[in-house]
Amino acid sequence: LKAGYRQAGYRRSRTSTGLLLAQTAMCVVLLVGAGLFVRSVDELRSVRLGYDPERLLYARGDFRGTLLDESEEMALMERLVSVAQLIPGVTSATTAISVPFSGGEVQDLHVAGLDDIHALGRFELQAGTPDYFATMGTRVLRGRGIAAEDRAGAPRVAVVSAAMAEVLWRGEDAIGKCFRIDTDNAPCTTVVGIAENIRTRGFGSDGEFHYYLPLSQYVATFGPPGIEMFVRVQGDPVSVAGPLQAGLQRQMPGASYVTVTPFQEVIDPAMQPWTSGARMFLTFGGLALLLAAIGLYAVIAFAVAHRTQEIGIRIALGARMANVLRLVLGDGLRVAAAGVLIGTIIALAASGWIGGLLFGVSPREPAVYGVVATMMILVSAVACIVPALRAARVHPGVALRSE
């Protein structure tokens, strides 16, 4: 009987088996790609940007032709910040002139002993109120942040990022150092604090340097920047966005208006290449998985139907249900395992091509390959179980009378 089991096999066409192997292999390749892109998105979301975009709202005003002089615009900006801080759910608010992942301002910088500063990288300017760092969630590592006494007419001060401090004053303490903005004969701007590095142009971008000025000192030098604000809230930002926009809109003069959006919506487009890749691979991988499962079920069911008499004879000779289940499941899982192996080899071979599209993830990450292989084997087992149960329940008398 055991020898009969070893010799028993299901006759299926080579075309069907080859097609099933190809479907399974393609499914593995697509699901591996999906897993790698999903892991990339997870890595992106875990990147410390140097600020906390969660629970942060971005408000932008459009004057739509309404003309205000400098003092009126500054008074409006102060009112908007004050009104925002009174909205239920708001913890802090600040004006700003640069918006990460949307746009930033660059001015000429001059440091004694350095000829061409901008050859070192991009030095982006930000300006805000004393609550800027608390609102954005950017840590001041040493020294201090922007203070209330840093007004127009007071000594010019700035907070610089750690990367900017290192590249301009390598090996020296940047606090107390002087640099000049716009022209080489401009008044000295003194560094009073070192802030953590931030990312504003890309998740993996290098060569970004940032410095922060008190808003009133920025306005005294360059004029009003327009209405842009960041507002930190408790709880869900979406639930606060409506009341905040309504409160700010009441302060806007004439036909001007203000829009409020969760800041995460500003960042999300920068993640689009990875989220789109994950979505595409998941869609096609899911379809391939469904087709592979249906194909495996059809092949096993066809084999069982054509071997009904033989299975009935084995059962009549004493074969147990477990023996028949093992034979049918083993037959299907061998095909699935072969397809998984072929697909894994193809995915590994293509890893060099897909590696440049990932973020923070190895194209040969074992966990992804292991999860995909396990999923394929489980789905294949589920696809085989129905015809396997049908075969195990064949009545010998019925089987022997079948054509």
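How do the residues of the lining of the second largest pocket divide into nonpolar, polar and charged? In the lining of the second largest pocket, 8 residues are nonpolar, 1 is polar and 4 are charged.

The space in this second largest pocket amounts to about 190 Å³. Its lining consists of 13 residues, and those closest to the centre are Arg45, Val47, Pro53, Glu54 and Gln264. Two or more lining residues are contributed by each of the helices α2 (14-46) and α8 (264-267).

The largest pocket holds about 340 Å³ of space. A total of 19 residues line the largest pocket, with Glu78, Thr129, Pro130, Leu215 and Ser216 lying nearest its centre. The elements that supply two or more residues to this lining are α3 (70-86) and α6 (215-222). Of these, α3 provides the largest share of the lining, namely 6 residues. By residue class, the lining of the largest pocket comprises 9 nonpolar, 6 polar and 4 charged residues.

The confidence of the prediction was also examined. For the protein, the mean pLDDT is 84, and a value of 70 or more is reached by 85% of the residues. Over residues 1-13, by contrast, pLDDT stays under 50. For this segment, the model contains 23 contacts beyond four places in sequence.

Notes. Residues are numbered from 1 along each chain as its sequence is written. This is a predicted model: local features need pLDDT of at least 70, side-chain atom pairs count only at pLDDT 80 or more; totals for chains, interfaces and linings use all residues. Side-chain values use heavy atoms; hydrogens and water are left out. On a 1 Å grid over the protein atoms alone, a cavity is a set of points where a 1.4 Å probe fits but cannot get out, and a pocket is an open set with protein on both sides within 12 Å along at least five of seven lines; lining residues have an atom within 4 Å of a point. Grid points are joined across faces, edges and corners, and a volume is the space filled by probe spheres set on the points. Helices (H or I, at least four residues) and strands (E, at least two) are DSSP runs, numbered from the N terminus. Ala, Val, Leu, Ile, Met, Phe, Trp, Tyr, Cys and Pro count as nonpolar, Asp, Glu, Lys and Arg as charged, and the others, Gly among them, as polar. pLDDT is the predictor's confidence in each residue, from 0 to 100. Contact means heavy atoms within 4.5 Å.
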